Amino acid sequence: MSDLQTGFLCLMTRPTEPLFYPKYNGEVFMDLPPEYLSERYQRIAGSIKTHHGSTAKHHISIKPVELPNFGYTARVPRHGEFNLFNPAQRQVAGRLVGDLLSQPDPQAMLSVAAYARDRLNPTLFQYALAVALVHRKDTGNVPVPSFLEMFPTRFVDPALFPKLVEEGFVVQQGERVAIEVPPSFSASETDPEQRLAYFREDIGVNLHHWHWHLVYPQEGPLEVVDKDRRGELFYYMHRQTVARYNVERFCNRLPAVKPLKNLREPIPEAYFPKLLNSALNRTYPGRHANMVLSHVNRPDDDAVATILELESSLGRIKEAIQSGFAIAADGTRVPLDPKKGIDILGNIMENSILSVNVPYYGNYHSLGHVLIGFIHDPDNLYLEGHGVMGDFTTAMRDPTFYRFHGHVDDVFDMHKQKLSPYKAHELSFPGVSISDATVQITSGKAARNRLLTFWQRTQVDLGTGLDFGPQGNVLATFTHIQHAPFAYQIMVQNETAEQKKGTVRIFLAPIYDADGEQLLLSQQRRYMLEMDKFVVKLHPGDNRIVRRSDQSSVTIPYERTFRRVEASNMPGTESFRFCNCGWPDHMLLPKGHPDGQSFDLFIMISDYKDDAVSTGFNENENCNDSHSYCGLRDQLYPDRRAMGFPFDRQPVAQDHLMKDFVGRFPNMSRTVAEVMFTNTIISRT
């Protein structure tokens, strides 16, 4: 590993320890110019170098460079909260990203970052540095630890950490054992919402949400924010998240979430996270049942908003949808057409800098998070920080996240419902038909169309984030849902005399709701789980397509979700940072039910001529294997169709059920598959 890579890794290791404190088992010392040390340490710079530098085997010298004026970062106190849902703090983060990216080379950026690290809010700094490293083309070989590694208290019960510290200090590296993370009990089993804790509080799910927003920041230089179909990805990633959560609810015999469309009604769901906000060393505040949203008036936190402000923004967004056009800042009309409309709406709703008119349409999504995040102390009367809804790394733990995003998705669907249903020529693929499609577990003698889920024990290294703690690896073992590996087998006939190219689209959808009532296709389309999408060549005659679950275009493998820092240096992983964006593989399948849960397995092959974009996309290169929710790095989204096609629009009137829809098109297939949950724990081998 080069000094440059090691230097950046030291910046991201133990984020609240002084940078000069030796890293990596005391072997690496960052040799800083005296003026780069924080004020506390400048007057003892000599003794610091003598004491700490003399014991380290490897020194990395930081050269002084011309520094930006970081005065603007004072809006985020060093020992205060950093909240990306807060517009003012988000602007600070965007400006900091710009200052890092504007450095002429990585060495200069390392120097600037080394100066800033111990002066700025640690969460702000780590976020901005990660965004800059992800987006600079000349830092592609720099590993970026995940927030789990840097701020583990945001993901794991803080009661675990005294045990981790004890194990690390008392026991030598080779003799350490993993500390067991107990299943999350943020509530007792008498609370029905606790049945979904395994989903909401899954480490991989919350890392996914953080990393998506890392790859798609709302503020910063235009080249960082303005990515292909960014607004549509915001809509689709969150739609899929809410759909997956609702399907999990069906598996647990709970109804779909009730969208939080009335911000003035009491919120019946309580939530007490029992997590530590590492910026303040305080637990995230909880929320009692039936609390009511109100204004937020916390000027010191740059959080001032009213419910009326949000209602006004929402009214204008709905007006744009009904009229078919948005109003730009210069007064011109921006059509919300079938191709670009959802992308425009996504940027308006999230309120990125790509919004066509920020002053007019406001900041609905982010301020919604702010109001919910401060519901317990809207006027800062009790000096409490924000709840988990105010933080990208923790928001998905709260049941209200899914109610609020269910409502946001309803607004997006108002636009989708205005679009005409797809016509037959848009859905068909003349000359191509699917004669048979099945799915099957790949290990042992398994029945067709029966999939299996269970609990799995997995280890993760939390040593990187144990500030002022033991050196080396400190492991924790946690339990999460997992599925047995499986594969699809699709038999396809190409009835023409020439080779054809098609896109295989695979979705899984519940057939019944929580009450056992069959879902109409018009309802089912909102619960379609995208499982995979890939391109195939179809030779004349019979074609047999086999596709493994671990090849999914939706997920990233276990190794990228729970990666150790050392593993990031393996050859061929220089683009792994972008690859960390993706749904975790262990959550690809819904949990199912001990008695079996029936799903429609929908498979379609569309004509690649209608799907192709002008890009050199190859799913087997670099990290292109998780593009469905995350797009591609520096490339166009590799599918011309709308995200979620063919279920993003309402079906025609005669397609009451999935079988009616599929029955009209030979290039489609419907198979009933069963997901069975086994309540056993299997350790990862």
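The largest nonpolar core of this predicted model has 154 residues, and those with the most contacts inside it are F8, L129, F602 and F661. Such a core is a set of buried Ala, Val, Leu, Ile, Met, Phe, Trp, Tyr and Cys residues joined through side-chain atoms within 4.5 Å; buried means under 20% relative accessible area with a 1.4 Å probe, protein chains only. Helix α6 (residues 122-135) supplies the largest share of this core, 10 residues. L129 touches F8, L11, M12, L100, M109 and A113, leaving aside residues up to four places away in sequence; a contact means heavy atoms within 4.5 Å. A second, separate core of 37 residues includes V247, C251, V439 and Y488.

The chain as a whole is summarised below.

| Property | Value |
|---|---|
| Helices in the chain | 24 |
| Strands in the chain | 20 |
| Buried residues | 62% of the 685 residues |
| Span of the C-alpha trace along its principal axes | about 80 × 60 × 55 Å |

Helices (H or I, at least four residues) and strands (E, at least two) are DSSP runs, numbered from the N terminus.

Residues are numbered from 1 along each chain as its sequence is written. Local features need pLDDT of at least 70, side-chain atom pairs count only at pLDDT 80 or more, totals for chains, interfaces and linings use all residues, and side-chain values use heavy atoms, without hydrogens and water.

Definitions and conventions. Buried means under 20% relative accessible area, exposed over 50%, partly exposed in between (1.4 Å probe, protein chains only).
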